[in-house]
Amino acid sequence: MNDAEIVRRVLAGDVNAYALLVDGHGARVLAIIARHVPQDRAAEVAHETFVRAFEKLGTYRAESPFGHWLVRIALRRCADFWREKIRRRETVFSALGPETLDWIESIPAEAPLGGLDDLAEQSEAGVLLDWALGQLAPDDRVVLTMTHMDGQALAEVAGLLGWSVAKVKVRSFRARRKLREILGHLLGRP
Amino acid sequence: MDDGRLDRLEQALVQYARAGKPKRQTDLPAGFTPAVLRAVRAVHERRSDFWGVFALAARRFAPAGALAATAACGYAQLSERLLNQALLALSLHGGSSAYTLAGLLP
């Protein structure tokens with residue numbers, strides 16, 4: 001039975017058939033969400049994604065694969081997750097400890113770009129990355145993670161977010177410029 | 001501070017992000033699907049409850065609603081007719097008839 005048939009069954013009142021969709025797409029959705037929210041919150045956001053998808057199931061048109069439709073909802077939930085964090089002011093922007101600041105100080109000015117493996121393996125890089133991404137708007141964070149960090153193609157990102165390629169390009173460019181501004185301030189730039 | 005350090009800082013962060021990709025665990029936690037099903041069943045029941053209450057309220061208040069709707073329509077029709085008469089009278093006889101006709105308005 002394909003996804004469209006399962007959706008039809010669920011809409012006809014067979015709620016238990018929804019388990020087939022959760023089992024079929026759960027791992028992929030969770031993997032995508034884990035790229036955008038903290039690891040320990042990914043399952044919670046995935047759960048919300050499937051509940052939201054169920055609520056909106058009537059709007060699904062079988063023109064595109066169910067997986068794409070679901071991933072779009074998942075990415076929106078990821079942006080909502082950061083929006084909620086900002087609203088609740090849970091993000092601690094002064095979280096950069098002395099170790100992270102020392103790590104920043106150790107960044108060389110002239111090493112080859114490919115020779116940063118040792119620095120990139122340290123946990124301080126993760127702390128700084130989370131902090132810097134936390135300064136961006138939620139949508140910018142999602143699009144920058146997909147294009148710049150994961151290296152996904154613009155067309156693929158556009159398809160997943162339901163945006164035009166031009167919009168992805170512009171948002172990604174602006175988000176990267178903003179990220180560089182933030183990092184530049186950290187390095188003591190004006 | 002030059003752009004070289006900024007480029008290298010950005011590059012180190014990108015490398016960190018990309019290196020973290022395969023380490024991410026993607027297995028669904030135990031009990032994930034049953035938990036989702038419990039939540040969607042609750043959503044389904046809430047929806048059913050809403051339409052149940054709606055149907056009950058509609059049946060319970062249908063006679064009173066029909067009566068109220070008839071009264072409202074009748075009142076609107078009567079008001080419209082009187083207003084039209086008033087406007088016609090004003091156009092034919094001028095302001096002197098306004099006092100008389102205004103008293104007829106509900």
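Helix H7 of chain A buries A:Ala125, A:Leu128, A:Leu129, A:Ala132 and A:Leu133; a residue counts as buried if 20 or more other C-beta atoms lie within 10 Å of its own, as exposed if 12 or fewer do, and as partly exposed in between, with C-beta atoms placed from the backbone. Viewed down the axis of H7(A), these buried residues fall within an arc of 125°, so they line one face of the helix; the arc is that of the directions from the helix axis to the C-beta atoms. Helices here are DSSP runs (H or I, at least four residues), numbered from the N terminus.

The model is predicted: local features need pLDDT of at least 70 and side-chain atom pairs count only at pLDDT 80 or more, while totals for chains, interfaces and linings use all residues. Residues are numbered from 1 along each chain as its sequence is written, and chains are lettered from A and ligands numbered from 1 in the order in which they are written. The average pLDDT of chain A (the predictor's confidence in each residue, from 0 to 100) is 86.

Turning to the partner chain, 44 residues of chain A are in contact with 34 residues of chain B, contact being C-beta atoms, placed from the backbone, within 7 Å. H2(A) gives the most to the side of chain A that touches chain B, with nine residues.

A:Tyr18 lies in this helix, H2 of chain A. The residue is buried, with 23 other C-beta atoms within 10 Å. Leaving aside neighbours within four places in sequence, A:Tyr18 is in contact with A:Val10, A:Phe54, B:Leu37 and B:Val40.

Conventions. Helix = DSSP H or I, 4+ residues; strand = E, 2+ residues; numbered from the N terminus. Contact = placed C-beta atoms within 7 Å.
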